[in-house]
Structures are given as C-alpha cells and as structure tokens.
Amino acid sequence: MDPTTQALQESTGPVKAASDLLPVDEARSRIVAAMPVSGVEKVKLAGAVGRVLAEDVVARVSLPPMPVSAMDGYACRSADVRSLPAILRKIGASKAGSHFPGNVAEGTCVRIFTGAVVPSDADVIALQEDACEQDGAVTIQQVPKPGQFIRSAGMDFAAGQRCVARGRTLTARDLGVIAASGNGEVSVRRKPRIAILSTGDELAEPRSLSDAPDRIMASNGISLTAAVALWGGEPVDLGIAPDRVDAIAAAVDGASGADLLVTSGGASVGDHDLVHDALCARGFAADFWKIAMRPGKPLMFGRLGEMPVLSVPGNPVSALVCTLLFLRPAMSRMLGLNEIEPRFERAILASRMAQNDRREDYVRTRLEEDAHGRLRAHPFPRQDSGMVLTLAQADGLIRRKPLAPAAAPGDEVEIIRFVNCAGF
C-alpha cells in the first residue's frame, strides 16, 4: 500500500469506491455546519456598503420629522378657500431648513417651498401655478383637496421603527435610509479571515513570465482571493508552496488566526499530491476526502485544531466551481446570511447531452433568452477542467444529477446563473 493511501485510511477510513463518494449536497451541508459565525463590530456608514448587517437598524428620528410640503405654493386654511377665487394676505414664507414660526390665521397664507415645514393650522397647499401674488395679496384660483400635497410626519418611517433588518448585505440604498434615520454607524459581521494557499512545483507567479515549458501561471490564488473579497471576507494570501511536505506544512503555519484555510492543488492521491500529508503533520483531522462531483472530485475538508480547512483541486475550473459551490455557502454561513444554498433556475437545453454517470456534473454553458423570454442553455462542447477560458466565457453552469438520462434539445435543465453569484 502506498503511503498516501495508508494515510488516508488512517484518517478517514478505507478509500471509497466511485459509487460511495460523498454526495455534493451532503458535502456542502457538512462544510457549512462546521463554519464559525463571525463576531460583530461597529463601522461608520462610509465603510459599510457590502457589509452584512448583524443587528436591526431602528430609526432614531421620523422622516419627515414634521409635516412638510411636497410642492411649491401657498400654505393656507381650507376654510379660507371654499369659495374661489379667494384673496388672502401673505404673512411670511417657509423654506426647507427655515420654517415659518407662526400660525396661519384666518384670511392669511404663507409662501411655502418643497420640503418646508407646513405652518400650524394650514391644511392646504395651493400650487404656485394656481395663484397670483401682487403687493402681498395672493389670489388663489384653484386648490387641491386638504392634505393632498402635505407629507405627514413619519410618512416614510417613524422613530422607533425598524428600517433595515439584520442579515442583509448593505447596499447604497440601505445606507441612505440608515443615514436618514439618524444612525451614523451600524453593527455588522466581522469579515471572516480566509487564508489561501496554492501548491505545486509547476506554478509560476504571473508576473515572472517563466520560460520553463513545464511551468504554468498560478491563477487559482488570484481567483480565490478575489472571490473571498467580493463575498465579504478578508483574504490572506499565503502564496505558493512547492510539492514538499515540509514546505506545505510550513506555509500552513501562516494561516494561524484565520477563520478558514483554503488550499488549492495537491488534494488528490498521486505521488506529488502532498497536501493531506502536510496537513496531518500539523494535526489535521479529516472529515471527508473526495465527493461525487465533476469537476471537483478530490475535494477534502477537515480541521486543524479549531480552524476548518477546505482543500480544492488544482485544475482551475475544478477549483473555481468548488469555490462557488462550497466556499461561498461557507462564507454565507460565517456572515450570518439567510441564503446559503446555490440558487438554481430552469432553462431549455439547446443541444443534446449524453447520459450522466454516478457523479453530479456541472457543465459550463452559454445562456440566452429566446423570443418567448425563456432561457436557453448552450453547453460548451469541451468541458476539460483545465480550460479556464471557457469558464470565463460561460454565463452559468448546468447541473446534471448522478445517472441523469440523456437529454435532448428542448428538455428542461437546472442551471446556476453567474449573474446571481456576486461577481463570480
């Protein structure tokens, strides 16, 4: 028995046959359940966009705080304009930020502008185009119903009302509401610190432009770091470790203090797939290794002490699909978000697909709307897990269940649309 297989059996039990691989949904459930929920911190509104709200935002003030005019015109009493035209004496003006301090008495009116506080006793706003002012006398030709152009106090929200519920990823619109409610800071989930380690002797930094024919540009670390940042985390790039147990183990030490470690590459069982051995050298306790999925079969998950560890394959497509299907739900759990599972939709298949085997398959596809507004899925003819360009050109993934029968054009299929995946 080779050392890698022996190490696997010691930590996870016997190597499973293809038919016994862990199902995708169960793998995701185990990963999500193991994630720690991030703590809470207060931040100023200027830095809160994209953060996940940890506590409800309750209005400290009402909006508007007092009745205000929705139009430019004249504030008057409905009793004084029952007979038209009516001539009233102007006794002042009310502007936004500088209200008229007195009351509107019988036979008088106040010039008022949009957003200005409506004076006491006034219940009608005669529009300026329906009135004529000369030498302080205002002739009103037409009036609306009482209260029609008056925004009542608290019309938008009242003091003490919940304006934004916890668990929401804050948008620019939310921040406007929070500021209007009198709150200058909010309680949000702390960004989970996620350490990212790439492994492999074949990897070269993109900036190096290596001339070696057996080297490839390292892309997984860049993609994973970007995804973590987009999805609300704080990425910690541990760089690239060569294919040596001691080097990988030393690099893993750099993840100390992280909430989650994600490794890329070296997660299979070949002679140079050494991530498992390196993790075990630091006390790794495996939960599972290998899942019934294509691409992404060599996925591994477990713990280093209290820190969860997710090991994704090195092939770029496999790594990114696993990032979407497992890392994003894990981060959603850590951030206290309500939506954990991937969002699946339906589309019409545009070309034939063969019968599937025992692994759940995620197929890169282009998507387009037909003349009836239905989504049509055009799967790429080649699905090699090393072809990252096709993933970048794809609009989504078709999910095919294990042992799914052959599918013909016009059949419905399940899809994940990248437009719904927050920058993936």
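This is a predicted model: local features need pLDDT of at least 70, side-chain atom pairs count only at pLDDT 80 or more; totals for chains, interfaces and linings use all residues.
Local features need pLDDT of at least 70 and side-chain atom pairs count only at pLDDT 80 or more, whereas totals for chains, interfaces and linings use all residues. Residues are numbered from 1 along each chain as its sequence is written, and side-chain values use heavy atoms, with hydrogens and water left out.

Pockets were identified on a 1 Å grid over the protein atoms alone, a pocket being an open set of points where a 1.4 Å probe fits, with protein on both sides within 12 Å along at least five of seven lines. Lining residues have an atom within 4 Å of a point. Grid points are joined across faces, edges and corners, and a volume is the space filled by probe spheres set on the points. Helices (H or I, at least four residues) and strands (E, at least two) are DSSP runs, numbered from the N terminus.

At least two lining residues come from each of α4 (220-230), α7 (316-334) and β26 (412-417). The greatest contribution to this lining is that of α7, with six residues. By class, the lining of the largest pocket contains 16 nonpolar, nine polar and nine charged residues; Ala, Val, Leu, Ile, Met, Phe, Trp, Tyr, Cys and Pro count as nonpolar, Asp, Glu, Lys and Arg as charged, and the others, Gly among them, as polar.

The second largest pocket has a volume of about 340 Å³. It is lined by 26 residues, of which Arg-294, Asp-361, Tyr-362, Val-363 and Gln-383 are the closest to its centre. Two or more residues of this lining are given by each of β19 (293-294) and β23 (360-369). Strand β23 gives the most, with four residues. The lining of the second largest pocket divides into 11 nonpolar, seven polar and eight charged residues.

Helix α7 also packs against helix α2 (residues 24-33), at an angle of about 35 degrees and with the axes 9 Å apart. Axes are lines fitted to C-alpha atoms, for helices over the stretch in contact, and angles run from 0 to 180 degrees between N-to-C directions. The crossing of α2 and α7 is right-handed, a crossing being right-handed if the near helix is turned clockwise from the far one by less than a right angle, and left-handed if anticlockwise. Contact (heavy atoms within 4.5 Å) is made by Val-24, Ala-27, Arg-28, Ile-31 and Val-32 of α2 with Leu-325, Phe-326, Pro-329, Ala-330 and Arg-333 of α7. Eight of these contact residues are nonpolar, none is polar and two are charged.

Within α2, Arg-28 is buried, with a relative accessible area of 1%. Relative accessible area is computed with a 1.4 Å probe on protein chains only; buried means under 20%, exposed over 50%, and partly exposed in between. Apart from neighbours within four places in sequence, Arg-28 is in contact with Leu-325, Phe-326, Pro-329, Glu-341 and Pro-342.

Asp-72 is located in the loop between β3 (68-69) and β4 (73-76). Asp-72 is partly exposed, at a relative accessible area of 28%. Its contacts, neighbours within four places in sequence aside, are Arg-111, Ile-112, Phe-113, Thr-114, Ala-126, Leu-127 and Gln-128. One of these residues, Leu-127, belongs to strand β7 (residues 124-127) and is buried, at 11% relative accessibility. With residues up to four places away in sequence not counted, Leu-127 touches Met-71, Asp-72, Gly-73 and Phe-149. The C-alpha atoms of Leu-127 and Tyr-74 are separated by 6.5 Å, although the two residues are 53 residues apart along the chain.

Most residues other than glycine have a negative phi, and most peptide bonds are trans. A cis peptide bond joins Leu-63 and Pro-64, with omega about -10 degrees; Pro-64 is in the loop between β2 (57-58) and β3. Another cis peptide bond, between Arg-294 and Pro-295, has omega of about -10 degrees, and Pro-295 is in the loop between β19 and β20 (300-304). Asp-135, not a glycine, has a positive phi of about 55 degrees. Asp-135 lies in the loop between β8 (131-134) and β9 (137-140) and is exposed, at 77% relative accessibility. Lys-290, also not a glycine, has a positive phi of about 90 degrees. Lys-290 lies in the loop between β18 (284-289) and β19 and counts as buried, at 16% relative accessibility.
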